[in-house]
Amino acid sequence: MIRPATIDDAPALAEIHVQAWLETYTGLIPHEVMAGITVDARERQWRFTFEHDNAVLIAELEGKAVGFSSIGLPRETGADIELFTLYLLKAFQGRGIGRSLWDAALEAAKARGAKTLRLWVLETNPTRGFYERVGGMLEGRKTDVVRGVELIEVSYLFELTRLEGNT
Ligand SMILES: CC(C)(COP(=O)(O)OP(=O)(O)OC[C@H]1O[C@@H](n2cnc3c(N)ncnc32)[C@H](O)[C@@H]1OP(=O)(O)O)[C@@H](O)C(=O)NCCC(=O)NCCS
């Protein structure tokens, strides 16, 4: 059900990325930011992701992509690796698939020798509860400006060796 994705998956990843964004952020992120999120733009981003040193995992049910996670070199110092995405279509949430995508991302991180992982999440995103459930330690806070809109994000740090057996 969870497998490494390749550049051939870029169109499917773009489709579900846009759908998952709408389902997650409508009401949390202003319309002017949401309007810039198109399938074409997302596909270009995914192609860029595959051309660089990132690992992407895709969750499929009956051959259909329903979610994904991705990791790569962190944007800031203080962690060995960063989780860039973890998204599951709403219709498939709450039945353990998100945890499987998370576990697969952690395995990919450990396979690269990472001992610490960081992620950034919108401060108002209820998914923070998931990251706390799987052992994240609240770490930082920053303001990003996207299309003139200020978005506040918080970071969670995970010590990968400490997580074994605890989640
Ligand atoms: C985060 C996400 C991937 C979790 O996937 P999921 O399949 O719904 O989660 P699971 O069913 O695997 O749940 C695993 C555990 O986390 C808990 N959990 C899931 N979502 C939670 C939440 N929002 N708050 C608290 N706990 C949560 C579950 O209760 C479960 O606990 P258990 O181990 O005690 O049974 C999914 O909710 C999602 O895609 N959210 C929207 C996208 C998003 O915001 N992504 C993050 C962007 S930074």
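1. The lining of the largest pocket comprises 24 nonpolar, 14 polar and eight charged residues; Ala, Val, Leu, Ile, Met, Phe, Trp, Tyr, Cys and Pro count as nonpolar, Asp, Glu, Lys and Arg as charged, and the others, Gly among them, as polar. The model is predicted: local features need pLDDT of at least 70 and side-chain atom pairs pLDDT 80 or more, while totals for chains, interfaces and linings use all residues. Residues are numbered from 1 along each chain as its sequence is written, and side-chain values use heavy atoms, without hydrogens and water.

2. This pocket holds about 1400 Å³ of space. Among its 46 lining residues, W21, Y25, F84, T85 and Y87 are the closest to the centre. A pocket is an open set of points on a 1 Å grid over the protein atoms alone where a 1.4 Å probe fits, with protein on both sides within 12 Å along at least five of seven lines; lining residues have an atom within 4 Å of a point.

3. The structure contains 10 salt bridges, each a side-chain nitrogen of Lys or Arg within 4 Å of a carboxyl oxygen of Asp or Glu. One of them joins K142 and E76 at 3.4 Å, N to O. K142 lies in strand 6 and E76 in the loop between strand 3 (64–72) and strand 4, so this pair ties together parts 66 residues apart in sequence; strands are DSSP runs (E, at least two residues), numbered from the N terminus.

4. R118 and E139 form a salt bridge at 2.9 Å, N to O. E76, R118, E139 and K142 are linked in a network of salt bridges.

How values were computed. Grid points are joined across faces, edges and corners, and a volume is the space filled by probe spheres set on the points. Helices (H or I, at least four residues) and strands (E, at least two) are DSSP runs, numbered from the N terminus.
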